[in-house]
Amino acid sequence: MSRNLNRSALRIGVTKVKFKVVLLIGAMLFLTACGNIEGVIIGKTDSSFTVGASADNAEVHNEIYLTDLTTLSGTITSFEELEVGDDVIVVPFDMPESFSYLLASEVTVE
């Protein structure tokens, strides 16, 4: 009888650990996607590009700057290949609020 109780307690402990691991992984995935900027490139300069909610709606927009550490992926390999109208997902670097620029850690063109 005592061994059965120990096994039951062990199963409950393992179940709680599994639940916590799944919860932790889910939270990490959610937080990874929270700061992403998705939209359409509505403008481009020599040193930055502007992402809008859509090509028709330029009211909501973010000017994005690239750094030497920015990773480009998807259908592009260089900043010069970015074009107005491209659908992008931008993962910004985590910067203090006092920093007035958005620096891209990763840019993916879909």
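Helices (H or I, at least four residues) and strands (E, at least two) are DSSP runs, numbered from the N terminus. The model is predicted: local features require pLDDT of at least 70, side-chain atom pairs count only at pLDDT 80 or more, and totals for chains, interfaces and linings use all residues. Residue numbers start from 1 along each chain as its sequence is written, and side-chain values rest on heavy atoms, without hydrogens and water.

Strands of a sheet pair through backbone hydrogen bonds, either parallel or antiparallel. Here, two strands are taken to pair if DSSP finds at least two bridges between them. Five strands form a closed barrel with mixed pairing, in the order β1-β2-β3-β5-β4. From one strand to the next, the twist averages 60°, where axes are lines fitted to C-alpha atoms (for helices over the stretch in contact) and angles run from 0 to 180 degrees between N-to-C directions.

Strand β1 (residues 37–44) runs antiparallel to β2 (residues 48–52), and four bridges join them. V40 has G52 of β2 as its bridge partner. Four bridges also link β1 to the antiparallel strand β4 (residues 87–92), with I37 opposite V90 in β4. Between β4 and β5 (residues 102–109), which are antiparallel, there are five bridges; V107 in β5 is the bridge partner of V90.

S73 belongs to strand β3 (residues 61–74). The relative accessible area of S73 is 22%. S73 is therefore partly exposed, a class between buried (under 20%) and exposed (over 50%), computed with a 1.4 Å probe on protein chains only. Beyond its neighbours within four places in sequence, S73 is in contact (heavy atoms within 4.5 Å) with E106, V107, T108 and V109. S73 and I89 are 16 residues apart in sequence, and their C-alpha atoms are 9.8 Å apart in space.
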